[in-house]
Structure formats: structure tokens, C-alpha cells
Amino acid sequence: MGIYRVAEVCPNEHVSTSAADQNPELREKFCSKCGEPTMMECPACQSPIRGRYDVPGLIGLYNYTSPPAHCHNCGNAFPWTERKLAGAVEYLEVGADLSPEEIQQFRTDLTELTKDSAKTQIASLRFKKVMAKVGNSVASGVREIVIDVLSEAAKKAIWGN
């Protein structure tokens with residue numbers, strides 16, 4: 001049986017350490033990449049942010065590149081998830097000519113795409129339709145913003161990864 005270490009992350013998803021509890025010398029009060037205050041707990045419920053997963057007695061290759069999109073304890077989206085979704089919507093508003101209804105549906109679909117739920121497939125289909133409508137430049141920009149917070153099921157449905 002293993003244990004999740006505690007990650008330290010800023011609201012822009014920069015990970016200062018995936019094992020803040022084990023390596024306090026790696027902690028940063030403020031992010032060295034963007035200057036934002038770092039956190040080790042969910043802002044909503046104060047549960048530790050899950051970092052790397054250690055299994056005692058096993059030497060692992062730690063590939064902790066990004067923190068989870070949602071808190072494992074309360075289910076709320078972390079600040080980096082909320083910021084990326086808001087950034088993608090804003091990018092689409094500025095870069096594409098869509099109706100307010102289409103923007104609102106896109107916002108709703110993006111939220112669903114961060115989860116692995118029954119609505120993932122339909123949200124993925126609508127997402128692909130919007131991306132085809134807005135063109136490669138805007139679609140590429142939106143992809144870069146949201147790729148780290150989408151669920152694996154959504155990524156597979158949208159891009160086949």
C-alpha cells in the first residue's frame with residue numbers, strides 16, 4: 001500500500017514540489033515562475049493536494065508533471081483548473097465570432113470535460129464542433145490552455161490520445 005505525498009502548487013499550476021511533506025527544503029512561499037503564493041491544501045476543504053504516489057520499498061520513477069484538476073476530498077476544482085477554463089473561454093471570446101449562447105455552451109462543456117462522467121462524450125463532440133468552426137489558430141490556442149486539466153477520457157475522445 002502506498003501513500004500520496006503532499007504537492008505544493010501555485011494557482012497557475014506550477015508545481016514547486018510533489019513531496020512538500022517529505023522535502024520541505026523544496027518548498028516556496030511564492031512561486032519562482034510567476035510570483036503567486038503557493039498552496040498545499042485545497043482552498044475549499046483544506047485537504048492536502050495530492051502529490052506523487054510513493055510505495056514503500058519500491059524505487060519509482062516519479063513522473064508527477066501536473067496536479068489533479070479537482071480535490072479528491074470535496075470535488076471542487078482547484079484554482080489552476082478554474083483559471084485555465086476561464087482563460088480558454090476568454091481566448092475563444094476574443095479569437096472567434098460565436099454567439100453568447102455558443103460561448104455559454106462551450107463554458108459548460110469545458111467544465112464537463114475536466115471530469116470523467118456520462119456527459120464527457122457529448123461535451124467532447126460539441127467541443128470538436130466548436131473547434132472546427134473557429135479555425136486552427138484559435139483551436140490550437142484553446143488546446144494549449146486546457147490540455148492539462150481535461151480528463152483522460154475527454155482527451156481521448158477529442159484528440160485520440
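In which helix is Lys84 found? In this predicted model, Lys84 belongs to helix 1, which spans residues 79-95. The relative accessibility of Lys84 is 16%, so this lysine counts as buried, given that the term applies under 20%. Once neighbours within four places in sequence are set aside, Lys84 has contacts with Glu13, Ile145, Val146, Asp148 and Val149.

Confidence in the prediction was examined for the chain and for its elements. The mean pLDDT of the chain is 93, and 98% of the residues reach 70 or more. Among the elements, the highest mean, 97, is that of strand 2 (residues 8-9). The lowest, 91, is found in strand 4 (residues 50-54).

The largest nonpolar core comprises 24 residues. Those with the most contacts inside this core are Leu92, Phe106, Leu110, Met131, Val134 and Val142. At least two core residues come from each of helix 1, helix 2 (100-113), helix 3 (120-134), helix 4 (136-146) and helix 5 (152-159). Helix 3 supplies the largest share, with 5 residues. Met131 touches Leu92, Phe106, Ala139 and Val142, when residues up to four places away in sequence are not counted. Another core, of 8 residues, lies apart from the largest one; Val9, Met39, Ile49 and Trp80 are among its members.

The structure contains 0 disulfides. For Cys42, the closest cysteine sulfur is that of Cys74, at 3.7 Å. A disulfide requires the two sulfur atoms to be within 2.5 Å, so the sulfurs of Cys42 and Cys74 are too far apart for a bond. The surroundings of these cysteines were compared as well. Cys42 has a relative accessible area of 3% and is therefore buried, whereas Cys74, with a relative accessible area of 33%, is partly exposed.

Definitions and conventions
Residues numbered from 1 in each chain as written. Predicted model: local features only at pLDDT ≥ 70, side-chain atom pairs only at ≥ 80, totals over all residues. Heavy atoms only, no water. pLDDT = per-residue confidence, 0-100. Helix = DSSP H or I, 4+ residues; strand = E, 2+ residues; numbered from the N terminus. Buried < 20%, exposed > 50% of the residue type's maximum accessible area, 1.4 Å probe, protein only. Contact = heavy atoms within 4.5 Å. Core = buried A, V, L, I, M, F, W, Y, C linked by side-chain atoms within 4.5 Å.
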